[in-house]
Amino acid sequence: MNRRLGWFEPLPQATDLPVLLPTAERRAPRSPAELWSGLPRIRLRAWHGLALGLVFTLSAGFAEAQTGAGRPSVVATLIKWTPLLFSGFLFNIAISVLAMAGGTAVGIFLGLGQIARRAPVRGVAWLVTHFFRNAPWLVLLFFCMYLLPFQVTVFGTTVPLPDWVKATFGLALPVMANVAEIVRGAVQSIPSAQWESAAALAFTRRQIIWMIILPQGMKRMLPPWMNLYAILAMDTVLASIVGVNEVMTLTGDALGAESRPELLLPFYSYILIWFFLYCYPIALWTTRLERRFAVDR
Amino acid sequence: MQALWNWFAGLHDRTGINLTIFYDAFDRHRFAEGFLTTVKLAVVCMVLSVAIGVIGAWLQGSKLRLLRAIVYWYIQFFRNTPPLVQLYFFYFGVGAVLRTSGPGGFAHPVVSNVAWAILSLSFYAGAFNVEIFRSGIEAVPRATVEAAEALGYSRFGAYGHIVLPLAFRICLPALNNNLVNLVKATTLAYAISVPEMLWVSSQIWSDELNVPEMMSVLLICYVGLVGVLVFVMHRWEKAMHVPGLGSAARTR
């Protein structure tokens with residue numbers, strides 16, 4: 001019986017180190033997806049949110065106790081700033097969604113480029129993927145923030161490029177490289193018999209990839225892709241370092257305007273709760289899909 | 001050497017490509033220091049995080065429930081919050097509390113920003129390493145440990161001589177992934193103005209107004225640094241690969 005290890009490897013036959021063999025199937029670290037995509041797997045639990053809520057409640061309580069007479073209460077202050085902070089949070093969401101969409105669109109072709117039949121195409125795709133995978137996210141973000149012009153002129157119309165659009169480009173680059181790896185890994189995980197039988201049925205190579213391999217690879221692509229999105233959504237706060245008016249920057253501004261140090265923890269835990277509420281369903285769904293597809297096989 | 005520096009000065013005159021880090025001794029020194037700081041930060045964090053991983057994985061197998069609980073909570077905290085938030089939490093949150101009055105009565109931090117960056121990043125990567133080592137340790141059969149015990153090894157001795165070397169070879173691919181991510185995460189130290197490569201470069205480009213040149217240098221340096229690391233790790237992974245356990249080399 002040819003058992004499959006994780007997602008990608010059949011169990012080889014020969015060995016000269018029998019001491020580990022009985023546990024070979026447990027060898028794969030806890031989440032094969034983590035090893036495979038090279039990114040940490042986000043595993044959020046409901047109680048993480050409860051813990052955050054507890055931190056928020058306790059810190060708000062302490063802050064309330066420190067609030068002098070005649071000053072607005074912590075809750076009132078939070079409510080006052082919520083519309084502004086929420087507009088910043090929407091920027092985070094917009095940046096993450098756009099970066100993911102753009103990165104995925106280009107990344108799919110980059111991933112397919114890595115399995116192209118022409119060696120130069122393969123080489124270029126490999127180089128681009130690994131260049132952007134090896135570059136730190138923050139450096140790519142800086143790169144786009146400083147080097148993209150503040151406006152571009154296309155056919156006589158001037159399109160302004162605000163900060164957050166540049167940040168979107170900066171984050172789309174690493175996403176693109178990671179999606180490329182996800183696609184490549186998924187395509188290579190499909191048994192070669194699928195390719196051969198499709199070729200025997202006279203499908204062209206393009207048809208095989210788009211109609212047979214990619215739809216089957218979808219199962220393997222979807223969980224790591226969603227995990228990548230969760231990571232990206234959390235990493236949009238990096239844009240605060242380069243001065244985009246997203247939720248972290250605005251929280252800092254709000255705290256500066258209030259100049260009450262006891263509000264620091266309530267404000268930041270409040271923001272963390274938002275991120276948790278946004279990422280938790282994604283993480284939950286990822287785990288569920290992973291489990292369902294694992295049973296399916 | 002001087003001829004090379006002069007060539008870069010000439011390059012600036014001829015083409016306007018202003019690479020001050022080559023022909024200007026001050027900038028050259030700054031950038032070299034920044035590069036070294038990044039390398040040092042990365043190496044120290046890697047060593048510390050691996051140590052945390054080994055110790056944490058050992059504590060996870062402890063008989064004391066309290067120890068296991070501490071490791072569990074540690075992993076939960078560091079795995080599920082973004083590293084930037086952790087860095088801010090340590091530097092602005094904990095760092096603000098840990099202050100003594102220094103010379104002249106000014107508040108003086110006990111732990112410097114560099115030390116906070118090292119601690120925070122090591123703990124961040126360490127949390128992943130604990131789980132990685134744990135998964136490796138779990139793959140070592142109970143019978144092997146029992147055999148070691150029968151030969152008179154203590155729990156510690158069996159861990160150090162039998163279990164860990166085997167576990168290490170099993171979890172090396174996952175460990176390498178994590179360490180590469182750690183090196184990339186050292187850029188976050190910029191946020192608390194640790195003078196590493198990104199921070200130094202931002203200083204240079206604000207002084208010399210040569211953003212495109214510095215950006216390119218920065219990107220090449222980082223990709224080179226991580227590329228070398230990935231290459232070395234990959235070779236090492238191949239050399240340490242346990243025969244009969246699937247090819248780790250093809251996973252990245």
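**Two chains, read through questions**

Student: Of the 252 residues of chain B, what percentage count as buried?

Tutor: This is a predicted model, in which local features need a pLDDT of at least 70 and side-chain atom pairs count only at pLDDT 80 or more, while totals for chains, interfaces and linings use all residues. Residues are numbered from 1 along each chain as its sequence is written, and chains are lettered from A and ligands numbered from 1 in the order in which they are written. A residue is buried if 20 or more other C-beta atoms, placed from the backbone, lie within 10 Å of its own, exposed if 12 or fewer do, and partly exposed in between. By that count, the buried share of chain B is 41%.

Student: Over which residues of chain B is the pLDDT below 50?

Tutor: The pLDDT is the predictor's confidence in each residue, from 0 to 100, and for chain B its mean is 85, with 93% of the residues reaching 70 or more. Where pLDDT is low, the predicted coordinates should not be read in detail. That caution applies to a stretch of chain B that has 16 contacts in the model beyond near neighbours in sequence (a contact being two residues whose C-beta atoms, placed from the backbone, lie within 7 Å), and the pLDDT falls below 50 there, over residues 247-252.

Student: What is the radius of gyration of chain B?

Tutor: Chain B has 10 helices and 2 strands, where helices (H or I, at least four residues) and strands (E, at least two) are DSSP runs numbered from the N terminus. The radius of gyration is taken over C-alpha atoms, and the globule rule is 2.2 Å times the number of residues to the power 0.38. For 252 residues that rule gives 18 Å, and chain B is more spread out than a compact globule because its own value is well over that, at 23 Å.

Student: How far apart are the end C-alpha atoms of helix α6 of chain B?

Tutor: The 27 residues of this helix are residues 113-139, and 22 of them are buried. There is a kink of about 25 degrees centred on B:Gly126, the bend at a residue being the angle between axes fitted to the seven residues ending there and the seven starting there.

Student: Which residue in the turn between β3(A) and β4(A) has a positive phi?

Tutor: Chain A has 10 helices and 4 strands, and two strands pair if DSSP finds at least two bridges between them. Strand β3 (residues 151-154) and strand β4 (residues 157-160) of chain A pair in the antiparallel sense over 4 bridges, with A:Val154 opposite A:Thr157 and A:Val152 partnered by A:Val159. The two strands form a hairpin with 2 residues between them, and the turn residue with a positive phi, of about 50 degrees, is A:Phe155.

Student: Is A:Asn134 buried or exposed?

Tutor: A:Asn134 is found in helix α4 (residues 119-134) of chain A. Leaving aside neighbours within four places in sequence, A:Asn134 is in contact with residues of chain B, among them B:Val223 and B:Val230. Because A:Asn134 has 22 C-beta neighbours inside 10 Å, A:Asn134 counts as buried.

Student: Which residues are in contact with B:Val223, leaving aside its neighbours within four places in sequence?

Tutor: B:Val223 lies in helix α10 (residues 211-240) of chain B, and it is partly exposed because 18 other C-beta atoms lie within 10 Å. The C-alpha atoms of B:Val223 and B:Lys184 are separated by 9.5 Å, although these residues are 39 residues apart along the chain. The contacts of B:Val223 are with A:Phe131, A:Asn134 and A:Ala135.

How values were computed
The expected span of a helix is 1.5 Å times one less than its number of residues.
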